[in-house]
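Please keep the sequence and the model in view while reading.

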There are 2 protein chains.
Amino acid sequence: MSQQLDLFFKPRSVAIIGASSVRHKAGNDVIRNILANDYSGEIYPVNPKGGEIMGKKVYPAISDLPHGIDLAVIILPAKLNPQAVRDCAAKGIKTMVIAAGGFSEVDKEGELLQAELERAVRETGVRALGPNTSGHVSTPCNFTSSFFPVGRIPRGHISYIAQTGNFATHTMRYISTFENFGVARVVGLGNKIDIDESDVLEYYSSDPETEAIFVYLESLKSPRRFIEIARETTRHKPIIMLKGGATASGSRAAGAHTAALASDDRIIEGALKKAGIVRIYKYSHLILAAKGLSAMPLPRGNRISFLAPSGAMLVTMSDMCQKFWNLEVPTLEEKSRRRLQEISPSYIRMRNPVDIWPSAMVHGMDFAYQEGMEAVLADSNIDAVVSILLINDETGVPDLQRIVDVARKYPQKPVYVAFSAEKKHMEPAKEFLETRGVPTFPLIEDPFEVLSILVQCRKYMDRH
Amino acid sequence: MSQQLDLFFKPRSVAIIGASSVRHKAGNDVIRNILANDYSGEIYPVNPKGGEIMGKKVYPAISDLPHGIDLAVIILPAKLNPQAVRDCAAKGIKTMVIAAGGFSEVDKEGELLQAELERAVRETGVRALGPNTSGHVSTPCNFTSSFFPVGRIPRGHISYIAQTGNFATHTMRYISTFENFGVARVVGLGNKIDIDESDVLEYYSSDPETEAIFVYLESLKSPRRFIEIARETTRHKPIIMLKGGATASGSRAAGAHTAALASDDRIIEGALKKAGIVRIYKYSHLILAAKGLSAMPLPRGNRISFLAPSGAMLVTMSDMCQKFWNLEVPTLEEKSRRRLQEISPSYIRMRNPVDIWPSAMVHGMDFAYQEGMEAVLADSNIDAVVSILLINDETGVPDLQRIVDVARKYPQKPVYVAFSAEKKHMEPAKEFLETRGVPTFPLIEDPFEVLSILVQCRKYMDRH
């Protein structure tokens, strides 16, 4: 099984069935994407017109292709797909990506066509992704089968399974332009006539490139198998899942685009827990939690410290830690407390969380944040630290390299940053910190929400 | 009462007791702030050294001031404040802002000093804000008593009451640089020896410049009075409140900076509900909900529609609407459904929420978003609309003016925007839309969270 998907994630050669020389056509964009990612394998475009596309010789028919190609990406009108699958199989191609929509997600006729396609796949014994998929991404192999113009996708150790076209397309585009983390593999499952979430999860489970798995699913094709694989996987890798269609409203909306069945959400809830899968609800957390995990380790526990330049932030975040996030804001060791007190005016009794303002008033931003962060990071009662940075021209711009340095000194503890800043400083600070391994978050609550998710991952992992 | 606070919010003249000619000193920054906001009243700096500060004649002592000044901003070391209050009162000054910290928030000695200050205020009959306050803002009068360099503060119709120095300072700086909405009044309450949350709320309640009131409090000085005024106020103006110290953790953190008492949170919960005050928990919502309210009316009810370029977004947001946000995503009127269907391929059955992608594929982004938004805005089943805009070079940049135009056509319904965009387009799109009255939000969940808050405001208002 895993070996078959190796052809899929590490193809040494790929045929593009339905290649096009016309820019912005899917059959053209897919080649452009592959080249943009510096794929080093062979590319075999197929189009009855022949000629050349982007310097590659075009084969008029599948039957003209050489034997032994690893993967076919089929970008043809729905009706032509069953035959294309058979033709590719006849050429010894064992794995395929079937991009076209127009199957069971559309109407009765589409359902019949999908049954025919399924038959072609089963009878030829090939492994197929789709139909109705936006493709997949495999950065260690510099490859993507996405026909949406995604550009170069940065490499990392997060892998996604998504039952939606959006992930391998717009969301990847958002991640690769807005965020500073990379991915290992991304699979858009589509209609799942063959390869399903369990197959992909199994591959990710033993994939050395994948350190954490994020899943968006609207339905499970083989729930029992998925849960079983997940239970094994979460011993060593976190799985974080957003289940679409958790409510009647969501199921209705799901009906509109994938014909997924509404399942009993409580059964799912129980099964996920048993499997050690951390359930999330926000779409944005598919991105923010991945970002948190990319640069930093899982927190060892839920005991956090945070630094803020405002009493109100200290108070309200403490409230939310207890009330919503299951994060503890414990008492510091006396030595840490004293260290904080040393840099602060005597009128304020320093504690956890850390009011950084008085210290900054006395010693300046640079020193206050550096010393304050180090004091709590060195504390054995603390598993993770959130630093809310005050940055503006008037109070000063803290030396961000110092933040990076102190975070690096404690590589076993996550350090996350949010801002209380003037606009012009936020974007450059985000860029500076993230490209040096310190993740930042848009609103001050976001790093806490992410920690809350990751603490659960750790808890499930420790349970085994 | 209200009249007395008129001097405070509309001072025709102000004395700065402890004015300084040294840049970055509080006694200097306060004057700089006042000038930066184009205050047109008289400014009377007081400093024993005399001379001039920023072109203003300096009076060596309070006793040298002319009679009849409306407001004194006292920026002196803690110990000098009681006498300064008496001296100002002797000159006929009836309202004061007492900036200094070093009172009950610090130690026993500070408590004694605060008692002395309180006596001075009571015996002279003046109205005083503070001590330990970061000042107040009154944009209709172009005035601020903040000694933190806030720059020019944009005018609007949101007013804040905050028991924290942060609001009139860093958070105002964040709002005025990052967000595109303005405020009417902001008060940092400080230690509340005289003017408290109830006094300010009463003023805001009948203040024609204030259309919505946001409150951050850690403790209530006169809970019964506050709740009574609030109950009257929420008949015509929403009050949204973040109560710091809702948990033991939060109370401990509050102890660190304002000596507020932990109150029984359930009693507060009940009292707020009775008063029609909408309770929030996220600090960020003090800003985002204000932004939502600034540009758009309150939604008439909780029935929303939203448009997104991704099935997964449609599904997960629908789930959250039902599960967490108390927002309904109702069936559209048949005429609206047909209108959506007309612009979409026949294979997809259009409904609420609106999958805008197929239509955009056929008709382009501009038309799809414009027509899609108009279809749901015209629907009498819909109270508010969230549009998640897909913006990138490959799929195209929708004509944002059309979004503005369609929103303006339905001024009784809030239209909020979030993005699924390439990085480079997000900031310019935010700027374009917000400066034309359409608020945007950082993550796709944020506009829904804000709507959820505002729907509650409406519900409380309708209850009366």
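This is a predicted model: local features need pLDDT of at least 70, side-chain atom pairs count only at pLDDT 80 or more; totals for chains, interfaces and linings use all residues.

Residues are numbered from 1 along each chain as its sequence is written, and chains are lettered from A and ligands numbered from 1 in the order in which they are written.

## Sheets of chain A

Helices (H or I, at least four residues) and strands (E, at least two) are DSSP runs, numbered from the N terminus. Two strands pair if DSSP finds at least two bridges between them. Strands of a sheet pair through backbone hydrogen bonds, either parallel or antiparallel.

In chain A, five strands form an open sheet with parallel pairing, in the order S2-S1-S5-S6-S7. Strand S2 (42-46) and strand S7 (127-129) of chain A stand at its edges with a single partner strand each, so one side of each has no neighbour in the sheet. From one strand to the next, the twist averages 20 degrees; angles run from 0 to 180 degrees between N-to-C directions, and axes are lines fitted to C-alpha atoms, for helices over the stretch in contact.

Another open sheet of chain A has four strands in the order S16-S15-S17-S18, again with parallel pairing. Its edge strands are strand S16 (354-355) and S18 of chain A, each of which pairs on one side only.

| Strand pair | Bridges | Facing residues |
|---|---|---|
| S1(A) and S2(A) | Five | Ala15(A) and Tyr44(A) |
| S5(A) and S6(A) | Four | Ile74(A) and Ile98(A) |
| S15(A) and S17(A) | Four | Phe306(A) and Val386(A) |

## Burial and the core

A residue is buried if 20 or more other C-beta atoms lie within 10 Å of its own, exposed if 12 or fewer, and partly exposed in between, with C-beta atoms placed from the backbone. Strand S1 (residues 13-17) of chain A has four of its five residues buried, so it is largely enclosed by the rest of the structure.

A nonpolar core is a set of buried Ala, Val, Leu, Ile, Met, Phe, Trp, Tyr and Cys residues joined through C-beta atoms within 7 Å. The largest such core has 332 residues, and Ile16(A) and Ile16(B) have the most contacts inside it. Two residues are in contact if their C-beta atoms, placed from the backbone, lie within 7 Å. Beyond its neighbours within four places in sequence, Ile16(A) is in contact with several residues, including Ile43(A), Tyr44(A), Val46(A) and Val73(A).

## Helices

In chain B, helix H3 (residues 81-90) is mostly covered, with seven of its 10 residues buried. Among them are Val85(B), Asp87(B) and Cys88(B). The buried residues of H3(B) pack against several elements of chain B, including strand S1 (13-17) and helix H4 (108-124). Just after H3(B), Gly92(B) takes a positive phi of about 85 degrees.

Two packed helices are described by the angle between their axes and the distance between the axes. Helix H15 (residues 400-409) and helix H16 (residues 423-434) of chain A pack at an angle of about 35 degrees, and their axes are 10 Å apart. Leu400(A), Ile403(A) and Val404(A) in H15(A) meet Ala429(A), Phe432(A) and Leu433(A) in H16(A). By class, this contact has six nonpolar, no polar and no charged residues. Ala, Val, Leu, Ile, Met, Phe, Trp, Tyr, Cys and Pro count as nonpolar, Asp, Glu, Lys and Arg as charged, and the others, Gly among them, as polar.

## Where the chains meet

Chain A gives 62 residues to the contact and chain B gives 61 residues. On the side of chain A that touches chain B, H11(A) supplies the largest share, 12 residues. That side has 28 nonpolar, 20 polar and 14 charged residues.

## Backbone details

The peptide bond from Asn352(A) to Pro353(A) is cis, with omega near 0 degrees. Pro353(A) is found in the loop between helix H12 (334-342) and S16 of chain A. In chain B, the peptide bond from Gly130(B) to Pro131(B) is cis, with omega near -5 degrees.

Asn132(A) is not a glycine, yet has a positive phi of about 60 degrees. Asn132(A) counts as buried, with 25 C-beta neighbours inside 10 Å. Asn142(B), also not a glycine, has a positive phi of about 55 degrees. Asn142(B) is partly exposed, with 18 other C-beta atoms within 10 Å.
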